[in-house]
Amino acid sequence: MKKIFSLFVALFVFVAVGYAQKGVLKFTKETHDFGKVEQGKPVTHVFEFKNTGTDPVVINDAQASCGCTKPSFSREPIMPGKTGSISATYNAAAAGPFNKSVTVTSNAESGQSVLYLKGEVVSAAAVETAATPAPAPAAKDKKKSTKTSR
């Protein structure tokens, strides 16, 4: 009976260790804020990650939350300790604030990771106005006063 129990425990430990050794995606940043973006000009951000696990990671898919965002990624395996990237381009067509997501599916331990793009699309005139500093107000002539002591 002890031999069967010992064999069962050894098998359990072997299986647990086998499942624990997976690739792990560690993103440097999962959310990017573009701030104010000029309408009609697509903007791109590259999300970088590192495989901190023990197995290679293969990205199977990167799916955007809408058609206005296009993700791209390398299909090559990312070996343990190496880095990779996922690029996401947002087409800034409609004015107003935006918050878009990209769901990354891989063979990593978590299976899925969600990345976020946010910002505000403004008209070209608003971007130019914000970029141009306002002129300094004209200095008023001040009379020089003198203090007298009594």
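**Nonpolar core and strand pairing**

The largest nonpolar core of this predicted model comprises 23 residues, and those with the most contacts inside it are Phe27, Phe49, Ile86, Tyr90, Phe98, Leu115 and Leu117. A nonpolar core is a set of buried Ala, Val, Leu, Ile, Met, Phe, Trp, Tyr and Cys residues joined through side-chain atoms within 4.5 Å, where buried means under 20% relative accessible area with a 1.4 Å probe, protein chains only. Two or more residues each are given to this core by β1 (25-27), β2 (31-38), β3 (43-51), β4 (59-64), β6 (83-90), β7 (96-106) and β8 (112-122). Strands are DSSP runs of E of at least two residues, and helices are runs of H or I of at least four, numbered from the N terminus. Apart from neighbours within four places in sequence, Phe27 is in contact (heavy atoms within 4.5 Å) with Phe47, Glu48, Phe49, Ile86, Ser113 and Leu115.

The protein has two helices and eight strands, in the order α-β-β-β-β-β-β-β-β-α along the sequence. Strands are taken as paired if DSSP finds at least two bridges between them. β2 and β8 pair in the parallel sense over six bridges, and Val37 has Val121 in β8 as its bridge partner. β7 and β8 pair in the antiparallel sense over 10 bridges, with Asn99 opposite Lys118 in β8. Five residues lie between the strands of the β7 and β8 hairpin, in which Gly111 takes a positive phi near 85°.

Of the 150 residues of the protein, 27% count as buried.

Residues are numbered from 1 along each chain as its sequence is written. Local features need pLDDT of at least 70 and side-chain atom pairs count only at pLDDT 80 or more, while totals for chains, interfaces and linings use all residues; side-chain values use heavy atoms, with hydrogens and water left out.

Terms used. Buried < 20%, exposed > 50% of the residue type's maximum accessible area, 1.4 Å probe, protein only.
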